[in-house]
Amino acid sequence: MTTVDDLAAEALFVSHLQPSQRPTCQVVQAEVTRMILRLGSEGCAAVMAAEFGDDPETAVRRMLWVRDTLAVAYPEITALRQAPAIAR
């Protein structure tokens, strides 16, 4: 995981996008940017932490969706994560 990857995950997690909406990559990227600009990195992390504290089972399911969605919307982050450590 990278800091960029974590921030994108936190931002998408706290967004109002839902899996049932089946958002496009462009929509996901725009929403990640919007939430970062709106809440900042600390705000995204705080809201996400509160959700995990309030309803951990739902939060875990949402985070699984977030990770899968980000892997498609940001393939370059996924490629970095999967690259051998020596290549970095």
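Biologist: Is Arg22 buried or exposed?
Modeller: Arg22 is exposed, at a relative accessible area of 71%. Exposed means over 50% relative accessible area, buried under 20%, and partly exposed in between, with a 1.4 Å probe and protein chains only.

Biologist: Before I go on, what sort of model is this?
Modeller: A predicted one: local features need pLDDT of at least 70, side-chain atom pairs count only at pLDDT 80 or more, and totals for chains, interfaces and linings use all residues. Numbering starts from 1 along each chain as its sequence is written, and side-chain values use heavy atoms, with hydrogens and water left out.

Biologist: OK, back to Arg22. Where is Arg22 found?
Modeller: In the loop between H1 and H2. Arg22 also has a positive phi of about 50°, although it is not a glycine.

Biologist: And how many helices and strands are there?
Modeller: Four helices and zero strands. Both are DSSP runs numbered from the N terminus: helices are H or I with at least four residues, strands E with at least two.

Biologist: At what angle do H1 and H2 pack?
Modeller: Helix H1 (residues 3–14) and helix H2 (residues 25–54) pack at about 85°, with axes 6 Å apart. That makes H1 roughly perpendicular to H2, a label for angles of 65 to 115 degrees. The axes are lines fitted to C-alpha atoms over the stretch in contact, and angles run from 0 to 180 degrees between N-to-C directions.

Biologist: Which residues of H1 and H2 make the contact?
Modeller: Among them are Leu7, Leu12 and Phe13 of H1, and Val28, Val32 and Met35 of H2. Contact means heavy atoms within 4.5 Å.

Biologist: Let's take Val28. Buried or exposed?
Modeller: Val28 is buried, with a relative accessible area of 1%. Not counting residues up to four places away in sequence, Val28 touches Leu12, Leu17, Pro23, Thr69, Leu70 and Ala73. The C-alpha atoms of Val28 and Leu12 are separated by 7.4 Å, with the two residues 16 apart along the chain.

Biologist: Switching to H3, which of its residues are buried?
Modeller: Ala59, Arg62, Met63, Trp65, Val66, Thr69, Leu70 and Ala73. They cover an arc of only 165° around the axis, so they sit on the same side of H3. The arc is taken from the directions from the helix axis to the C-beta atoms.

Biologist: Which residues are exposed on the other side of H3?
Modeller: Glu57, Arg61, Leu64, Asp68 and Val72.

Biologist: Last one: what share of the 88 residues is buried?
Modeller: Buried residues make up 32%.

Note on methods. Parallel < 35°, antiparallel > 145°, perpendicular 65-115°, else oblique.
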